[in-house]
Amino acid sequence: MSSVEMSVEAKSTAAPGRSVITRSANAVATLERLLLSLALPVGLAVAWELAVRAGLSDGRLVPPPSRIFQEFAELWRAGELSRHVVATLLRVAVGFGLGTVAGTLLGALAGYSSLTRRLIDPTLQGLRAVPSIAWIPLFILWLGIFETSKVALIAVGVFFPVYLGTMGAILSVDRKIVEVGRVFRLSGFAMVRRILLPAVLPTYVWSLRAGLGLGWMFVIAAEFMGASEGLGYLLIDGQQLGKPAEIVAAILAFAVLGKLSDALVAGAAAPFLRWEDAFGAPQREA
């Protein structure tokens, strides 16, 4: 057997073991990141629980974690928690989808065409400065007080970060790589697929995550518009009935759902960004 064949055979034999070691190291790193991310909220919760139990506070206005968990359990047993969570999730999902599609299309047009940008961008920049609460009376007048107006408000909140991120990502593409595509005589579709899309994708993912965060913020304003279910309704119900545990439970539910949805978007985009060699990108084995 030649030395080249022996080298290839040795590499193929070592590859499975190296793959197992790499997966184990990635699993350990993931667990470490998870524990580190939980250190601050868990530490604060434990400290407040101990402070209330020690008599340093009565825990009436800011309930201890044990009281909040009890509130979660009561809402779950009554079937209220799942009903409100599902209602809010559906509103955010539909509003996020509509806002993302509209923001991506208009952002891509404004970034790719200077004429389109000069035509629509000044108006959209002016509308972006309008507070979310100002849209509520108009949407109720146009769309009624039911689901359509709530979804529309969420879509408006998602639209602007996605629009700005898409347009800005296209405008910031390095001119030199575009010239390389032209040198190789790429067609318009090939230029978008092989040059523009990979170049804008990292910034586009960040704009999606920013839009999703605003979508969760806008859903609260949307559910203040006469909603009979949803986590925003729980906030109003807790405030009207003087139940701080219910208010804090709803806030925690918003935080958990927002973080999980953000992780879902980031995880779905990760396979498309493996080529990225930025400062904050995870290091990979050669």
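**Entry 1. Overall fold**

I read along the sequence and noted the pattern α-α-α-α-α-α-α-α-α-α. The model I examined is a predicted one. I counted 10 helices and zero strands in the chain. I then looked up burial and found that 34% of the 286 residues count as buried. Turning to contacts between residues at least 6 apart in sequence, I recorded that 70% of them join residues at least 24 apart.

**Entry 2. Nonpolar cores**

I next asked which residues have the most contacts inside the largest nonpolar core. They are Leu-153, Tyr-163, Trp-216 and Leu-231, in a core of 42 residues. I listed the elements that each supply at least two residues of this core: helix 3, helix 4 (114–128), helix 5 (132–143), helix 6, helix 8, helix 9 (231–240) and helix 10 (244–269). Apart from this core I found another, of eight residues, including Ala-169, Ile-170, Ile-195 and Val-200.

Setting aside its neighbours within four places in sequence, I found Leu-231 in contact with His-84, Val-85, Thr-88, Glu-223, Ala-250, Ala-253, Phe-254 and Leu-257.

**Entry 3. Glu-223**

The contact list of Leu-231 includes Glu-223, and I looked up that residue next. I located Glu-223 in helix 8, which spans residues 188–223. Is Glu-223 buried or exposed? I recorded it as buried, because its relative accessible area is 2%, under the 20% limit for that class. I then asked which side chain Glu-223 meets in a polar contact of 2.7 Å. The partner is the side chain of Thr-88.

Beyond its neighbours within four places in sequence, Glu-223 is in contact with Thr-88, Arg-91, Glu-229, Gly-230, Leu-231, Gly-232, Tyr-233 and Phe-254.

**Entry 4. Second largest pocket**

I looked up the second largest pocket and recorded about 340 Å³ of space in it. Its lining consists of Gly-111, Tyr-112, Ile-170, Leu-171, Val-173, Arg-175, Val-178, Glu-179, Arg-182, Gly-188, Met-191 and Leu-196. The elements giving two or more residues to this lining are helix 3 (80–112), helix 6 (147–171), helix 7 (175–183) and helix 8. Which helix gives the most? I found it to be helix 7, with four residues. By class, I divided the lining into seven nonpolar, two polar and three charged residues. Ile-170 belongs to this lining, and I had met Ile-170 among the residues of the eight-residue core.

I placed Glu-71 in helix 2. I classed Glu-71 as buried, because its relative accessible area is 4%, and the class takes values under 20%. With its neighbours within four places in sequence left aside, Glu-71 is in contact with Lys-243, Ala-245, Glu-246 and Ala-249.

I found Leu-61 in the loop between helix 1 (3–53) and helix 2 (65–77). Leu-61 counts as exposed because its relative accessibility is 62%, and the class takes values over 50%. I also looked up the separation of Leu-61 and Val-248, which are 187 residues apart along the chain. Their C-alpha atoms are separated by 9.9 Å.

Terms used: Residues numbered from 1 in each chain as written. Predicted model: local features only at pLDDT ≥ 70, side-chain atom pairs only at ≥ 80, totals over all residues. Heavy atoms only, no water. Buried < 20%, exposed > 50% of the residue type's maximum accessible area, 1.4 Å probe, protein only. Polar contact = N/O pair within 3.5 Å; in protein donor to acceptor, adjacent residues only side chain to side chain. Contact = heavy atoms within 4.5 Å. 1 Å grid on protein atoms, 1.4 Å probe; cavity = no way out; pocket = protein on both sides within 12 Å on 5 of 7 lines; lining within 4 Å. Points joined across faces, edges and corners; volume = space filled by probe spheres on them. Nonpolar A, V, L, I, M, F, W, Y, C, P; charged D, E, K, R; others polar. Core = buried A, V, L, I, M, F, W, Y, C linked by side-chain atoms within 4.5 Å.
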